[in-house]
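The exercises below can be worked through with the sequence and the 3D view side by side. Each begins with a task and continues with a solution in steps.

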Amino acid sequence: MSGAELALQNLTSPMVLFFALGAFAALMRSDLTIPEAVAKTLALYLMLSIGFKGGVEVAKSGIDATMLLTIAASIVLSFAIPVIGYALLRATTRLSAVDAAAVSAHYGSISIVTFVAATEVVRGLGLTFEGYLIAIAAVMETPAIVSALLLARRGSKADGVKAESGESLPALLREVAFNGSVVMLVGSFLIGWISGERGMAMIAPFVIDPFRGILCLFLLDMGLVAGRGLRQSGKVLTPPALAFGIYFPLISASLAALFCLMLDLSVGGAALLITLAASASYIAVPAAMRLALPEANPALYLTLSLGVTFPFNLTLGIPLYVWIAGAVAG
Amino acid sequence: MQMHPKKRIEIIVEAPVLHRLTDLLDRLDATGYTVVPVLGGRGRGGSWTREGLATDAGRMVMVVVVTGEERLDAILQPVFSLVTRQIGIVTVSDVMVMRAEHF
């Protein structure tokens, strides 16, 4: 399938169309809302389902050297991406060292929802992927925060500004590593791994059948959130910062694609690793940044990751990453 | 009815800081506090609302502490040190309470 056909297929999928509906409703200032508690429940369901399915896959396939190499590669990616992002932001925008470091931390970390959406695209194409990529998603949450804090400290010193984090790094990392979505994802993954196909046979009607419908509802809510972010984007983002939200995921994706050349991943697995590298966090890292770098402007990084990069990845990025994966893996 | 003068500390702060703040209040032996979700508002950075946020990072909460004047500085100083770099407001006001022994 060509890149254009992939993009068209993705853009006309119910998931993306519901996302677009949510964004449209928010831009039109409609009163359409998903109650907060419902949105949280939907997110928990998605984590449970994707984690459990990944665990069952690993129970079937077992652990191999590729898994360990992929985990190592993902840690390197999560450390390295913020360094590149920070350098580009400092070179192309007028962001302070602290703001640039906070933004780059979001891009080194990952978006679980983008990952979940990508798994559906991969499955929709009849591709399979390595179940342990669920664990990779969890592994990639935290290293970027360490990178970003080091960058902020160094950059602020150079600027003559004090940006000492009032937070102890271990406490912060523990908080990110054990945030609700990671616990649910990794916990479900382990439960799926332990219970295997027998467990899947027991709860398949719950974790498989309603998955796509619930993903549509969740993405409708994400569309509403992203639409509100888009409304803000003109107020808080300069054109170079806005451009960063589009071009930087492509740079991260290219870096991940280079790693995929060296790893023995399937096309589906490579597409997901590339998607993880290209996605930007908007749940765990923003909260961590409010604690570690409170001087950084939250409107800036939330608008960029949620209002710019997330919609880009969901609509055009994922099909592009699948296409790249087809060229570098398999 | 007899009423007793006390001080009310009102801290509006970002939700990610909440646990640190309540832990601090526990350590400072504040006799009690109340946590209230904040729906929205308008400040120096413009208006904001709790509605439709995907993360705690954009949410605010209000923590209310009522204490005797003699304990005010002992609570206020460390609280201020914790929240001074965060987005938020700290106010202190005079209030009257019915049961002085509770505070």
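Predicted model: local features only at pLDDT ≥ 70, side-chain atom pairs only at ≥ 80, totals over all residues.

**Exercise 1. Count the positive and negative side chains of chain B, and find how far apart the centres of the two sets lie.**

Solution. Begin with the rule of counting, in which Lys and Arg are positive and Asp and Glu negative, while His and the chain ends are not counted. Each charge is then placed at NZ of Lys, CZ of Arg, CG of Asp or CD of Glu.

Residues are numbered from 1 along each chain as its sequence is written, chains are lettered from A and ligands numbered from 1 in the order in which they are written, and side-chain values use heavy atoms, with hydrogens and water left out.

**Exercise 2. Describe the elements of chain B, its extent and its surface.**

Solution. Helices (H or I, at least four residues) and strands (E, at least two) are taken as DSSP runs and numbered from the N terminus. Chain B holds two helices and six strands, which follow one another from the N terminus in the order β-α-β-β-β-β-α-β. Along the principal axes, the C-alpha atoms of chain B fill a box of roughly 45 × 30 × 20 Å.

For the surface, accessible areas come from the Shrake-Rupley method with a 1.4 Å probe, and for residues only the protein chains shown count as cover. Chain B exposes about 6100 Å², of which carbon and sulfur atoms supply 53%. A residue is called buried under 20% relative accessible area, exposed over 50% and partly exposed in between (1.4 Å probe, protein chains only). Of the 103 residues in chain B, 36% are buried.

Finally, consider contacts, meaning heavy atoms within 4.5 Å. Among the contacts of chain B with a separation of 6 or more, 80% are between residues 24 or more positions apart.

**Exercise 3. Decide whether Ile75(B) is buried or exposed, and list what it touches.**

Solution. Ile75(B) is placed in helix H2 (residues 69-83) of chain B. Because its relative accessible area is 1%, Ile75(B) is buried. Leaving out residues up to four places away in sequence, Ile75(B) touches Ile9(B), Leu25(B), Leu28(B), Ala30(B) and Thr67(B). By contrast, Asp29(B), in the loop between helix H1 (18-27) and strand S2 (34-37) of chain B, is exposed, with a relative accessible area of 58%. Asp29(B) also has a positive phi of about 60°, although it is not a glycine.

**Exercise 4. Check the length of helix H13 (residues 267-278) of chain A and say what covers its buried residues.**

Solution. The expected span of a helix is 1.5 Å times one less than its number of residues. For the twelve residues of H13(A) this gives 16 Å, and the end C-alpha atoms are 16 Å apart, so the two agree. Next, eleven of the twelve residues of H13(A) are buried, including Gly268(A), Leu272(A) and Ala278(A). The cover over the buried residues of H13(A) includes helix H4 (65-92), helix H12 (239-262) and helix H15 (298-328) of chain A.

**Exercise 5. Classify the ring pair of Tyr107(A) and Phe248(A), and then that of Tyr282(A) and Phe310(A).**

Solution. Rings of Phe, Tyr and Trp (its six-membered ring) pair if their centres lie within 6.5 Å, and planes under 30 degrees apart count as stacked, over 60 as edge-to-face and the rest as tilted. Over all chains there are nine aromatic pairs by this rule. The ring centres of Tyr107(A) and Phe248(A) are 5.8 Å apart and the planes stand at 75°, so this pair is edge-to-face. The pair links distant parts of the chain, with Tyr107(A) in helix H5 and Phe248(A) in helix H12 of chain A, 141 residues apart. Tyr107(A) and Phe248(A) are both buried.

The aromatic pair of Tyr282(A) and Phe310(A) is likewise edge-to-face, at 5.5 Å centre to centre and 65° between the planes. Tyr282(A) lies in the loop between H13 and helix H14 (284-292) of chain A and Phe310(A) in helix H15 of chain A, so the pair ties together parts 28 residues apart in sequence. Both Tyr282(A) and Phe310(A) are buried.
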